[in-house]
Amino acid sequence: MYWNALDTAGQSRVRVIMQTLGEQFDTNIYPIETATFGSEPNPGIDGDPKVVIFAASLKRSVGGYFDTGNEYPRA
């Protein structure tokens with residue numbers, strides 16, 4: 001819904017932001033996180049080796065969020 005409400009210029013800006021975020025994740029964020037907390041289970045609970053990132057607005061002082069409940073099957 002959000003994406004479809006953007007005009008072409010807005011979609012282009014979001015693409016650039018997402019590309020930059022992906023590069024920052026690969027080169028800075030992921031190496032620091034895994035050095036600090038260790039590697040995630042691979043493959044994950046869904047059998048997929050990819051890391052999924054959910055982008056959302058957070059409070060200004062919050063840099064991220066992780067929920068360990070997502071590491072376990074629903075059963």
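Trainee: In which helix is T34 found?

Mentor: In this predicted model, T34 belongs to a helix that covers residues 8–37. That element is helix 2.

Trainee: Which backbone oxygen does the side chain of T34 reach?

Mentor: Leaving aside residues up to four places away in sequence, T34 touches S39 and E40. The side chain of T34 also comes to 2.9 Å from a backbone oxygen. That oxygen belongs to Y30.

Trainee: How many Å apart in space are T34 and Y2, C-alpha to C-alpha?

Mentor: In sequence, 32 residues separate T34 and Y2. Between their C-alpha atoms, the separation in space is 32 Å.

Trainee: Is T27 buried or exposed?

Mentor: T27 also has its place in helix 2. The relative accessible area of T27 is 55%. Exposed means over 50%. Because its value is 55%, T27 is classed as exposed.

Trainee: How many nonpolar residues are in the lining of the largest pocket?

Mentor: The largest pocket has a volume of about 1,600 Å³. Its lining comprises 33 residues, with V51, V52, I53, Y65 and F66 lying nearest the centre. By class, seven lining residues are polar and seven are charged. The nonpolar residues number 19.

Definitions and conventions
Residues numbered from 1 in each chain as written. Predicted model: local features only at pLDDT ≥ 70, side-chain atom pairs only at ≥ 80, totals over all residues. Heavy atoms only, no water. 1 Å grid on protein atoms, 1.4 Å probe; cavity = no way out; pocket = protein on both sides within 12 Å on 5 of 7 lines; lining within 4 Å. Points joined across faces, edges and corners; volume = space filled by probe spheres on them. Nonpolar A, V, L, I, M, F, W, Y, C, P; charged D, E, K, R; others polar. Helix = DSSP H or I, 4+ residues; strand = E, 2+ residues; numbered from the N terminus. Contact = heavy atoms within 4.5 Å. Polar contact = N/O pair within 3.5 Å; in protein donor to acceptor, adjacent residues only side chain to side chain. Buried < 20%, exposed > 50% of the residue type's maximum accessible area, 1.4 Å probe, protein only.
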